[in-house]
Amino acid sequence: MFPSSSDDIDPIGATSSSVGSSDSPSALKGYARLAFAVVLAWLAWVAFRGESGYVPLLGDIDLAIHEFGHMLFMPFGIPVLGRTMVILGGSLTQVAFPVIFFGYFMRKQGDGRRRDVFAAMVCLWWSAINLLDVSIYCADSRAGELMLLDGLTGKESDGHDWYNLLNGWGMLEHDTVIARWMRAIAFVVCFGSIVIAVWSALQPRDEVSLVEPSNPPGLGDERVPRR
């Protein structure tokens, strides 16, 4: 007997529906990441265009990381690597901290998951924004107009990191030149990270199964012992 029309199965239609249903979450994730990249681009534009380089919420987090960097190089009040590293540690940690996460997301996972390039670029963008903040701090070395945590300006306080650093290195008169180089590097890294993030968001995503397939019946259940 031939099957009736109600029993016909359209393999193409079934395949396309299953593919569409499986691709839908991936597509939504791509759109969300693309929208987030646009937000990062807007925040970067605001930061580079403004005088303070401040990014809402992120700026406060970065300030905490900066202060932690000073303490990191002075455990228990002991400057183990010298006073210079204690002073430099704030800015250094502020820029380097996001790079740690950049390395994590760029590393291929041991369980078979792919690198998350988009997340890595977000972290690189964060590091670039922090470098912009450091460049503004550096450019203020001689001017001393920025308000410090003690409520005093750089001219009124002896706690201006970059004044102390550049003055100790005999490079105080080059503060704005050094700051311009920092700002230029920050711009290039920030722009590049956004471009790569957009590219990554537009790439089709292959779902990687983390579950080992079971053996088909009839092929045996032997497993190779692992040492």
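Colleague: What do the values rest on?

Modeller: The model is predicted: local features need pLDDT of at least 70, side-chain atom pairs count only at pLDDT 80 or more, and totals for chains, interfaces and linings use all residues. Residues are numbered from 1 along each chain as its sequence is written, and side-chain values use heavy atoms, without hydrogens and water.

Colleague: What describes a pair of aromatic rings?

Modeller: The distance of the centres and the angle of the planes. Rings of Phe, Tyr and Trp (its six-membered ring) pair if their centres lie within 6.5 Å; planes under 30 degrees apart are stacked, over 60 edge-to-face, the rest tilted.

Colleague: How many aromatic pairs does this rule give?

Modeller: Six. Phe 36 and Phe 118 are a tilted pair, because their centres are 6.4 Å apart and their planes at 55 degrees. Phe 36 lies in helix α1 (residues 11–49) and Phe 118 in helix α4 (residues 117–139), so the pair ties together parts 82 residues apart in sequence. Helices here are DSSP runs (H or I, at least four residues), numbered from the N terminus.

Colleague: Is Phe 118 buried or exposed?

Modeller: Phe 118 is buried, at 5% relative accessibility. Phe 97 and Phe 101 make an edge-to-face pair, 5.3 Å centre to centre with 70 degrees between the planes. These two are four residues apart in helix α3 (residues 83–106), so about one helical turn separates them.

Key. Buried < 20%, exposed > 50% of the residue type's maximum accessible area, 1.4 Å probe, protein only.
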